[in-house]
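The sequence and structure come first, and the description follows.

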Amino acid sequence: MLQATEAVLMEEGLSPLLEIPVADPLEQLVRRVQGGETEAFEGLMLQTEKRVLSVAWRILGDRHLAEDAAQETYLRVFRSLPGFRLGEPFEPWLVRIAVNVCYDLGRKRGPRAVPIEFLELPGEAASSAEESFLLQQRRTLVRQGLAGLPPGERAALVLRDLEGFSTEEVARMLGIRPVTVRSQVASARAKIQAFCARLMAAPQGGRP
Amino acid sequence: MMTPHVLDQLPLWIEGDLAAPETAALEAHLSQCPECRRAAERLRDSQAWLREALEPPFEAPDRQRLRARVMEQICTGATAKPGPRMPLRRSLLLASAATLLLASLIWNLERARPSRPVHPGLPAPLSSAMPPSRPEPTPQVSRPRPAARPSRARSPESPPLAEPARIEFQTSDPAVRIIWLAQAKPPSEPIQTPLEAP
Ligand SMILES: [Zn+2]
């Protein structure tokens, strides 16, 4: 696909090899899409779709909603790409759009403390039934804890601790100050821990 | 004498978010205080559980499906970026999309009229027995794009006959939005839209 695209460019005398080397490996692709080469958008997706799906699922807690969010994110990205300033790192810009889409979809879904998927207990291989049960119970608990956080804290925690962005990057993506990110993730970590401690300390009556 | 407890700093320390001097002071306290050490252990555990529980469920086929859906929408012109090198193609795409939208609108209006024959001036296949999703392109539209989906347009569901139906179609160019206003007329008159019928 990419090769074919390059061949087309060569035919038209627009060699992509003439570009100045750039720091962001995605910038080359962004440039090509901006130049009207729609097919290059697939390359951009290939490089970033894992990230977008992951962010969306972790924020929304629902697989199908996350897939919808990822799709909407890319359509928005494609529409907004003409206004994207080259030289700016692409991925944080993309993630920022994804977070906004998640907020929109989350609002549309309405208030629901715990997304359905986070309550599911999918069967998974474990060394014993009891171990499996406890593991799933713990997963469910942690997901409930995350889903119960205020949206700002949840997004900050997802981006900082789960996606591994730096505090400064998270601040730029969320449009808040780094000091706010720090206090949000600190609060979120403490809440998750307290939530788990409270419920895991409780006697486990419902064992199989 | 022991320094004050550091419980409120632990959530930052646990992920390395404290500056070096604060970190040193906190760790000095931890070495002396079993209570704060236990709290640090609990936080370390819950952070590990968080990472384990939030491992995304998506596999390669999920990503491929996403890519296919997005590229389909982009390439069909429903969201096509105005390429400066292809103005003709773009206008054709818009014309195709317009035809499809117009067709589905007309179909809706027709459907609302019981047992009326299709108006002769309308594009051929709009029989009321046919679903609106894939109307045949008219001869003027040389590049039919079947996936210029009506679903991308915000179309009101079955507009009542008395009120004008409004269809908005946002092109990829934020400055270009196509809006149809269609008023259902008595059957003898053709349906009017701001666009000329193809
Ligand atoms: Zn202490």
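B:D17 and A:R160 are both buried. In this predicted model the two residues form a salt bridge, with 2.6 Å between the closest N and O atoms. The pair crosses between chains, B:D17 lying in the loop between α1 (10–13) and α2 (20–32) of chain B and A:R160 in helix α8 of chain A.

A second bridge between the chains is formed by B:D62 and A:R63, whose closest N and O atoms are 2.8 Å apart. This pair runs from helix α4 of chain B to helix α4 of chain A. Is B:D62 buried or exposed? B:D62 counts as buried because its relative accessibility is 9%, and the limit for that class is under 20%. A:R63, by contrast, has a relative accessible area of 23% and is therefore partly exposed. The helix that holds B:D62 spans residues 60–75 of chain B. When neighbours within four places in sequence are left aside, B:D62 is in contact with A:R63, A:E67 and B:P57.

A:E67 takes part in a salt bridge as well, its side chain meeting that of B:R65 at 2.7 Å, N to O. Across the interface of chain A and chain B, seven salt bridges are found, and the table lists some of them together with one pair inside chain A.

| Salt bridge | Closest N to O distance |
|---|---|
| B:D17 and A:R160 | 2.6 Å |
| B:D62 and A:R63 | 2.8 Å |
| A:E37 and A:R32 | 3.0 Å |

Both partners of the pair inside chain A, A:E37 and A:R32, are buried. Chain A also holds a network of salt bridges that links A:E72, A:R76, A:R79, A:D104 and A:R107. Over all chains, a search of the whole structure finds 22 salt bridges.

## The interface as a whole

The size of an interface is often given as the accessible area lost when the parts come together. For chain A and chain B the buried area is about 4300 Å², and carbon and sulfur atoms give 63% of it. On the side of chain A, the residues that lose the most area to chain B are A:Q71, A:R79 and A:R189, which together make up 14% of what that side buries. In terms of contacts, 50 residues of chain A meet 37 residues of chain B.

Where both residues reach pLDDT 80 or more, 13 residue pairs are in polar contact between the two chains. Several helices of chain A give two or more residues to the side that touches chain B, among them α2 (27–34), α4 (63–80), α8 (151–162) and α10 (178–201). The helix that gives the most is α3(A), with 10 residues. By residue class, this side of chain A divides into 25 nonpolar, eight polar and 17 charged residues.

## Chain A

How many helices and strands does chain A have? Its secondary structure comes to 10 helices and zero strands. Of the 208 residues in chain A, 47% are buried. Chain A exposes about 10000 Å², of which carbon and sulfur atoms supply 55%.

Key. Residues numbered from 1 in each chain as written. Chains lettered and ligands numbered in written order. Predicted model: local features only at pLDDT ≥ 70, side-chain atom pairs only at ≥ 80, totals over all residues. Heavy atoms only, no water. Contact = heavy atoms within 4.5 Å. Buried area = accessible area lost by both parts, 1.4 Å probe. Salt bridge = Lys/Arg side-chain N within 4 Å of Asp/Glu carboxyl O. Polar contact = N/O pair within 3.5 Å; in protein donor to acceptor, adjacent residues only side chain to side chain. Helix = DSSP H or I, 4+ residues; strand = E, 2+ residues; numbered from the N terminus. Nonpolar A, V, L, I, M, F, W, Y, C, P; charged D, E, K, R; others polar. Buried < 20%, exposed > 50% of the residue type's maximum accessible area, 1.4 Å probe, protein only. Areas by Shrake-Rupley, 256 points an atom, 1.4 Å probe, with all protein chains shown as cover.
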